[in-house]
Amino acid sequence: MDDAVLAERLAAALRFRTIAVNGELDVIETGSFEDLRHYLEDTFPRTHRQLHVERVGEADAILMQWQSGNSSSGLLPWLFVSHQDVVPVDDEELWRHPPFAGKVAEGHVWGRGALDLKVTMVAVLQAIENLLEEGFEPSRDIYLSFGGDEEIGGHAGAGAIATLLRGRGIRFAFTLDEGGLIIRDCFPGVDRPVALIGTAQKGFATLRMTAKAIGGHSAVPVDRGAIDRLARAVRRVGNCPMPARINGPTRELFQTLAGAARWPYSWLYRSHRLIEPLLCQLLRRSPEIDAALRTTVVATRIEGGIADNVVPQTASCILDCRLKPGESVADLAHHIRNTVNDNSIRLEVIRSHPASDVSSTDNAAYRAIAATLAEVVPEALVAPYVSLNDTDSKHFHGLADAQYRFVPVTLNRSDLARIHGTDERIAIRDYVRLVEFYLSLIRRLDAPAA
């Protein structure tokens, strides 16, 4: 199919304002989701005729099943996971092209969802539509999960789908969701782009840190008021991160990098066990790598005060925390309390979810993903990785032999800021390769050996 047609199909899907907002109440613009569904039905008619389609839960989730022509194969099905919803836009005036215009320009498709994550939903539907046109029939069932509330936790969308599948006794050979990307210029000494396949996913915790103190009239300054205490605590937490450790998938990642890096970086990666403290300190220069090595804590929202001339008695902030596999909310809370060292500061856990299990790199599914990448993006070095973001994969824990998190889109460090940021976009060539990736992966995984 012509690249321009593929780009326009994606662009059109980005024009629907399928925004999910997490505030006092979870808000989902349901009318936009309905319009998006109608668009997908019209754009991929064979897929919607031949696959079994269900609407699940209260968050506009879609579950699709491509049934195998060989019901006696006994092969476990696969599950491809994406989501329809997107995060809101902070300031639309800052965008080069309006975030919901779905503009094709300058070799890119621009709009909210071009990277996170309508892009994979449209790409996998396009790949299946093409396969159906060819008369392809899978030898095992293929499921698609398109949640409608991933950006606010996914509980009413993918969570409802997972509950339904558990009730039906469905188990998968593997799941594939968002997570790792193909990253350029991120790892010191490595000239090739690195395809980071998430074999594990960080957990998350949302904490509230609250300071209380004597209030009063602002004409009489208060020593160590609530805002002062809170600011001091936030500064201490920021200046004292949790320890970095090279273990699990990160250790496998470094072993892979050692074989591709220039000297002396090749020696540094290969010798990571011997020089772990030094290497971790050096890698702090790369925020993306540093975040993979430790549990992270970031203050994202702050509240305090009721009037310009009133010294507040209470001030609070939200800490968004991402838990490295092997570390718990209790470990995190203990670290923060010791770091703040102020008994007047209250710390409470609002919500949390543990890190995932680590999936193997020694199985047919991982090998098929790696082989498909070698075919579609031959310049990329394939390596395992701990996915930093919270995804719908967590809801399918226990339903699959393995879970992977990866979108084969090539970005540099400046492009990463576009995810949940301004001027979100994907290069047309990358989107075409994304469709080719799903086409090739489904064919490859459908081989009897898989």
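A residue counts as buried when its relative accessible area is under 20%. By that cut-off Phe174 is buried, because its relative accessible area is 1%. Keep in mind as you browse that this is a predicted model.

- Across the whole structure, a search turns up ten aromatic pairs.
- One of them is Phe80 with Phe174, an edge-to-face pair with 6.2 Å from centre to centre and 90 degrees between the planes.
- Phe80 belongs to strand β5 (residues 78–83) and Phe174 to strand β9 (residues 174–183), so this pair ties together parts that lie 94 residues apart in sequence.
- Tyr366 and Tyr404 make a tilted pair, with 5.8 Å between the centres and 55 degrees between the planes.
- Here helix α12 (residues 364–376) supplies Tyr366 and strand β18 (residues 403–411) supplies Tyr404, so the parts tied together are 38 residues apart in sequence.
- Tyr366 is buried at 8% relative accessible area, and Tyr404 is buried too, at 0%.

- Three strands form an open sheet in the order β6-β7-β19, and their pairing is antiparallel.
- The edges are taken by β6 (103–105) and β19 (425–427); each has a single partner strand, so one side of each has no neighbour in the sheet.
- On average, neighbouring strands of this sheet are turned by 20 degrees against each other, direction ignored.
- Between β6 and β7 (residues 108–110), which run antiparallel, there are three bridges.
- Within this pairing, Ala105 sits opposite His108 in β7.
- Helix α14 (residues 428–445) packs on the sheet and touches β6, β7 and β19, its direction making about 75 degrees with that of β19.

- Where does Ala158 lie? Its place is in helix α5, which covers residues 158–167.
- Ala158 is buried, as its relative accessible area is 0%.
- Leaving aside residues up to four places away in sequence, Ala158 touches Ser145, Gly147, Asp149, Asp392, His395 and Phe396.
- Leu63 is 95 residues from Ala158 in sequence, yet their C-alpha atoms are 8.9 Å apart in space.

Terms used:
Residues numbered from 1 in each chain as written. Predicted model: local features only at pLDDT ≥ 70, side-chain atom pairs only at ≥ 80, totals over all residues. Heavy atoms only, no water. Helix = DSSP H or I, 4+ residues; strand = E, 2+ residues; numbered from the N terminus. Buried < 20%, exposed > 50% of the residue type's maximum accessible area, 1.4 Å probe, protein only. Contact = heavy atoms within 4.5 Å. Pairing = 2+ DSSP bridges. Axes fitted to C-alpha atoms, helices over the stretch in contact; angles between N-to-C directions. Phe/Tyr/Trp six-rings, centres within 6.5 Å; stacked < 30°, edge-to-face > 60°.
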